[in-house]
Amino acid sequence: MTSKDRIAEPWGTRTPYAAGEDWPVRVDTHLAEGVAPEDVDEWVQSASILHSNGDGLDIAVKDGRIVGVRGRAADRVNHGRLGPKDLYGWQANASSERLTKPLIRKRGKLVETDWDTAMGRIVDRTRELLAEQGPSAIGFYTTGQLFAEEYYTLGLIAHGGLGTNHVDGNTRLCTATAAAALKESFASDGQPGSYTDIDHADVIALYGHNMAETQTVLWTRILDRLAGEDPPQIICVDPRPTPVARHATVHLAPRPGTNVALMNGLLHELVTHDWVDHDYLAAHAVGYAELAKRVAEYTPEAVATICDVPPEQIREAARIIGGAERLLSTVLQGFYQSNQATAAAVQVNNIHIIRGMLGAPGCGILQMNGQPTAQNTRECGGDGDLPGFRNWSNEEHVEDLARVWNIEPFQIPHYSPPTHVMQMMRYVEDGSIRMLWVNGTNPAVSLPELARVRSILEQDRLLLVVQDIFLSETAQLADVVLPAATWGEKTGTFTNVDRTVHLSEKAVDPPGEAKPDLDIFIDYARRLDLRDKDGDPLVKWHDPESAFEGWKECTAGRPCDYTGLSYDKLRGGSGIQWPCNEEHPEGTERIYVDGAFWSDPEYCESYGRDLVTGAPLEPAEYKALNPSGKAVLKAAEYLPPHELPSEEFPLQLITGRTLYHFHTRTKTARAPQLQEAAPEVWVEISTADAAAIELAEGDLTEVTTPRGSVQAKVRITGIRTGVLFLPFHYGYWDTKKGHEPGKAGRAANELTITDWDAASKQPIFKTAAARIERIVSAEGPSRAPTTTASAPVTDVGYHTVGGPAAAADEDIHETPAEARR
């Protein structure tokens, strides 16, 4: 298809198929203008890194440059299909704005330097802080887009070499609740579902998951099922009229922040009508009596007063779920970034457990990821957890990891849970973290309450290191900037949400002096002279393949077992699902078959947390609850959000993605087709709310919360009344003007609240109280601001609990014209 076709028709043409059949192959290709397939010098194996689907693809190389991509027909994930970001995003690699030399701050400005000087500044400061304060003075905040080999090396250096507990990834913003929910229900991370379940399911339920825009190729697979014989029924939970909602059999649009009440209402119906597999529960689960007792009060009528969803819709959705023979459920940010995130996601797991729908074709759960290598972040220790899904509360697991690393167990910090990024920001704020190494992410746009975040990152006492491919908004604030290689310029493996491991080969050289992240981490360890207990180098590998062999050793016998994989095995065909070992040499399509969970107290990754307080369960508590290693049903009471609509801020703001951009647009805005498809921020408002204040399509408005304001043009849609939507991708630069200090706010996170889920520590981006006012009419000259939209909120079960709105911070809309000091 042409470039224009795939922007206008992002899911391509239909290849219908029926339940039980294989998804037909369709190979999507896009080459640079003037390049024909026969002109390509080499096709290099890889997979997509601009979303979390893990689409297998090949990179086209001509004259040492990337000139296009094509889908891999043999790959189990995408059968040759590619989405818009796959087809066009590679163009960012060749941007003239790539970082090509290290930078250091001198007299308030970033200037070019050499690698020895840049690394010397980092290493010298590391040694000073270790001597003065100890490892707690150093923190690492990484991405969801590195390779497994790089995360594992970073985890080894941070945990085993330096001994800091302050390690997290930006996966905290998008996938932490996925991991937390799986740990609550199954005592281990690892997805109990496969993409192939789409080929068999007769009901597919999507909870807060706009798959059409976040995983376009996976949605293509569902569209092809819907176009074939025996199409599945679709349940959609989302306050917006997304493409998923438009194809739904039942679309439930609850008030933001009320997901737990809605899920309890669905569970109430399943229990009341006995759509329950009691034999499965007796053999494979604990906690059913408590769950049934908890949901008894959540009748459809009671839930309707909380969620503002018609009772008959709740009953119909429950009837469809209760009658499913093969149920697949997916969950994403609409649950993960909202009030009671983990509690809501756990209730999705509960539905599958009480229905006995796990480990069989069409019966699975995908607690989705938002980034391409988020699964590796969690497996390898890049999010602060111990690598190999080891339990930081289990001394034997710590000793086993110390054996693999050949260090003493006390050197591995396990005295408390790993420090999540929002807590790390507080430690920077109060001066206990004095060096923060930010790698491949842009917290100056992506974290909540940006005015506060910028003030934290600008502190003189902080050494801020940024390792990236562009001079992002965060890099502009740094003391040291390290130019990194990116996808297509280095080799490594990464794992998608259904546990499929792909090998991505180096296709071209990185620009200038940019280096692979792995090389940078190894260089840091060498310069620090980190050693094991025998005096040998702590990091024992020197390239991606030897690092992968080290990672394999770490996974042996753990749930995410890679020991049956190798670079050679991953070359030439499809990605392979872990666990892959002697018992499963070709990988494992489905886990938890016949109730075989990884939840034994001696083996499990986690003992779980209290869903309200987040307090970790003690080992003895878990053993008493689940001595036989079954699935755990965890009930949850609905509690209202902390920030609720008020007279001054009568609406609720939610944020999210558009299919044409990824994160803060550092790559996708540099791909012309993607940038032209979505060049600027907008705000979505309902027809009723727009009419109430006489807003018209295209009006320029200002959206305000207690923390700041953003200017955006209006789109009037079928979003539920009382809700505003802003995409979170837009920061403070554009492709024509570059960085624009002083520009009116465009980043949605100027508005979001510093609050997070108790269990997963994932920030809450979807319950801010807001107002909207017109600044400029789309029809002509500026006119006076309109009255603020005021959507009535039923005062039944919704405003009864919750603290006051957060205090307003100073209103800051610009990135500084010149970095600090």
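In what order do three strands form an open sheet, and is the pairing parallel or antiparallel? I looked this up in what is a predicted model. The order is β18-β19-β20, and the pairing is antiparallel. I noted that β18 (492-495) and β20 (576-577) are the edge strands; each has a single partner strand, so one side of each has no neighbour in the sheet.

Next I checked how β19 is held to β20. Strand β19 covers residues 500-504 and is joined to β20 by two bridges, with the strands running antiparallel. T500 stands opposite Q577 in β20.

**Entry on β23**

I asked how many residues of strand β23 (residues 682-686) are buried. The count is five of the five, so the strand is largely enclosed by the rest of the structure. I then looked at which way the residues point. W682, E684 and S686 point one way from β23, while V683 and I685 point the other way, and all are buried. I also looked for a partner strand. Strand β25 (residues 708-717) pairs with β23 in the parallel sense, over five bridges. W682 has K713 in β25 as its bridge partner.

**Entry on β10**

I turned to strand β10 (residues 233-237). Four of its five residues are buried, so β10 is largely enclosed by the rest of the structure. I found a pairing with strand β9 (residues 203-207), which is parallel and has five bridges. In that pairing, Y207 stands opposite V237 of β10. I found a further pairing with strand β11 (residues 250-252), in the parallel sense over three bridges. Here V237 stands opposite L252 in β11.

**Entry on the nonpolar cores**

Which residues have the most contacts inside the largest nonpolar core? They are Y207, W437, L482, Y524 and I772, and the core has 197 residues. In soluble globular proteins, nonpolar side chains tend to be buried together.

I then listed what W437 touches, leaving out residues up to four places away in sequence. The list is M119, I122, G139, F140, Y141, V465, Q467, L482, I520, F521 and Y524. Another core, of 30 residues, lies apart from the largest one; M424, M425, V428 and V445 are among its residues.

Methods
Residues numbered from 1 in each chain as written. Predicted model: local features only at pLDDT ≥ 70, side-chain atom pairs only at ≥ 80, totals over all residues. Heavy atoms only, no water. Pairing = 2+ DSSP bridges. Buried < 20%, exposed > 50% of the residue type's maximum accessible area, 1.4 Å probe, protein only. Core = buried A, V, L, I, M, F, W, Y, C linked by side-chain atoms within 4.5 Å. Contact = heavy atoms within 4.5 Å.
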